[in-house]
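Please walk me through this protein model.

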Amino acid sequence: MNRAATRLRLLAALPFLLALAVGLLLFALWRDRLPDRLATHFGTDGRADGFTAAGGYLAVGSALLIALGVGWTLFVRRRALWGAWATAGFTGGLLALQLRGNLDLTDPAEARLPLAVLTVALAVGALAAGAGWALTRLVPEEPAREVPVPADAPRLDLAAGELAGWARTTGSLPMSLLGAAFLLAALVVPFLAPWPYALIPLAVGLSGAALSRVRVTADRRGLTVRPALATRPRLRVPLDDITGATTRDVAPAGEFGGWGYRVRPGASGVILRSGPALAVRRRDGREFVVTVDDATTAAGLLNALVERTGNGPDTSPDATAGQTPGRPAPRKD
């Protein structure tokens with residue numbers, strides 16, 4: 001593991017360690033003012049309806065922060081560092097406010113946790129997210145991996161001035177079902193917990209549903225990926241930012257760490273399944289990948305359009321002389 005990756009993981013683990021330390025310190029300072037059983041669950045009216053022994057509360061709260069910290073530390077990406085800090089800030093803040101709500105009570109049933117308290121926890125999470133975003137600059141960008149476009153990459157024959165476009169819709173049934181499950185959970189959560197808790201499954205469900213089926217378009221504007229049933233949000237790689245396109249098989253878990261919109265060093269993309277994918281190389285050497293049927297036609301069209309604009313590799317006889325057959329020509333600066 002290089003220094004940048006090590007620093008990134010340390011910065012991802014730091015907020016959870018801080019939240020855990022603050023939680024343990026508050027518990028130690030307030031132990032004499034806490035009842036033996038703590039109110040740990042509250043209804044929509046803010047009244048306590050679930051209770052746990054003090055030791056159990058400490059163990060569960062600590063385990064939650066540790067588990068979240070391990071997950072973020074293992075899978076964090078540079079651009080998502082703020083998310084680790086936001087998660088730690090919100091979770092740690094909520095646990096601390098929950099503990100404070102039990103102070104000086106003889107009967108934990110008297111504890112209250114109004115919705116305003118959740119607003120405070122969200123504010124703590126937002127402040128922590130800002131700190132995480134600021135700390136991102138301490139982690140240098142990993143150099144983009146050069147992804148050469150093979151000399152035999154597919155190309156369509158387009159006449160001068162001829163216009164052409166390509167579009168396909170692709171989707172993932174498992175992601176559709178998962179998005180629907182989270183949306184259903186968002187409807188059920190308000191009956192079991194304060195309504196703001198429903199915002200989490202609602203956000204996950206909406207994003208999952210939006211990405212479960214997408215429309216992929218290749219034309220004179222470049223490559224565009226958007227939800228099949230909406231025009232926004234959308235991802236676009238402009239044609240003047242593309243130096244070439246090809247196709248290859250993708251293994252989502254091993255190559256991108258999962259499904260959906262994925263980002264890893266040197267590449268990003270919309271990964272909905274295993275198998276054939278369209279891969280475009282950008283001018284900075286990064287790669288954008290989307291799994292879609294008939295990717296060969298899309299790659300051929302983009303390569304033809306790129307060559308027309310002059311952004312592609314030089315394939316003239318002088319430039320390719322002396323090269324090993326099958327290897328790409330050097331990039332023009």
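Start with Asp241 and Arg282, whose side chains meet in a salt bridge (2.7 Å, N to O). Asp241 sits in the loop between strand E6 (235-238) and E7, while Arg282 belongs to strand E10, so the pair ties together parts that are 41 residues apart in sequence. The two partners fall on opposite sides of a cut-off, because buried means under 20% relative accessible area. Asp241 has a relative accessible area of 18% and is buried. Arg282, at 22%, is partly exposed. Keep in mind that this is a predicted model.

A search of the whole structure finds 8 salt bridges. Another of them links Asp293 and Arg273, with the closest N and O atoms 2.6 Å apart. Asp293 lies in the loop between E11 and H8, and Arg273 in the loop between strand E9 (267-271) and E10, so this pair ties together parts that are 20 residues apart in sequence. Asp293 is partly exposed, with a relative accessible area of 45%. Arg273 also counts as partly exposed, at 23% relative accessibility. Salt bridges can share partners, too: Arg248, Glu255 and Glu287 are joined into one network that way. Arg248 counts as partly exposed, with 23% relative accessibility.

The largest nonpolar core has 25 residues. Which of them touch the most other members? They are Val216, Leu223, Leu278, Val280, Phe288, Val290 and Leu302. At least two residues of this core come from each of strand E4 (213-219), strand E5 (222-227), strand E7 (242-250), strand E10 (275-282), strand E11 (287-291) and helix H8 (295-309). H8 gives the most, with 7 residues.

Leaving aside its neighbours within four places in sequence, Leu223 is in contact with Val216, Leu278, Val280, Phe288 and Val290, among others. Its contacts also include Thr217, Leu235, Arg236, Val237 and Ile242. A second, separate core holds 24 residues, including Ala12, Phe16, Leu34 and Ala128.

Next comes helix H3 (residues 81-100). This helix has 20 residues and reaches 29 Å from its first C-alpha to its last, close to the 28 Å expected at 1.5 Å a residue. Is H3 largely enclosed or largely open? Of its 20 residues, 14 are buried, so H3 is largely enclosed by the rest of the structure.

Phe191 lies in the loop between helix H5 (173-188) and helix H6 (199-212). With a relative accessible area of 73%, Phe191 is exposed.

Finally, step back to the whole chain. The protein chain contains 9 helices and 11 strands. Of its 333 residues, 41% are buried. Among contacts with a separation of 6 or more, 65% are between residues 24 or more positions apart. The chain exposes about 17,700 Å², and carbon and sulfur atoms supply 63% of that area.

How values were computed: Residues are numbered from 1 along each chain as its sequence is written. This is a predicted model: local features need pLDDT of at least 70, side-chain atom pairs count only at pLDDT 80 or more; totals for chains, interfaces and linings use all residues. Side-chain values use heavy atoms; hydrogens and water are left out. Helices (H or I, at least four residues) and strands (E, at least two) are DSSP runs, numbered from the N terminus. Buried means under 20% relative accessible area, exposed over 50%, partly exposed in between (1.4 Å probe, protein chains only). A nonpolar core is a set of buried Ala, Val, Leu, Ile, Met, Phe, Trp, Tyr and Cys residues joined through side-chain atoms within 4.5 Å. Contact means heavy atoms within 4.5 Å. The expected span of a helix is 1.5 Å times one less than its number of residues. Accessible areas come from the Shrake-Rupley method with a 1.4 Å probe; for residues, only the protein chains shown count as cover. A salt bridge is a side-chain nitrogen of Lys or Arg within 4 Å of a carboxyl oxygen of Asp or Glu.
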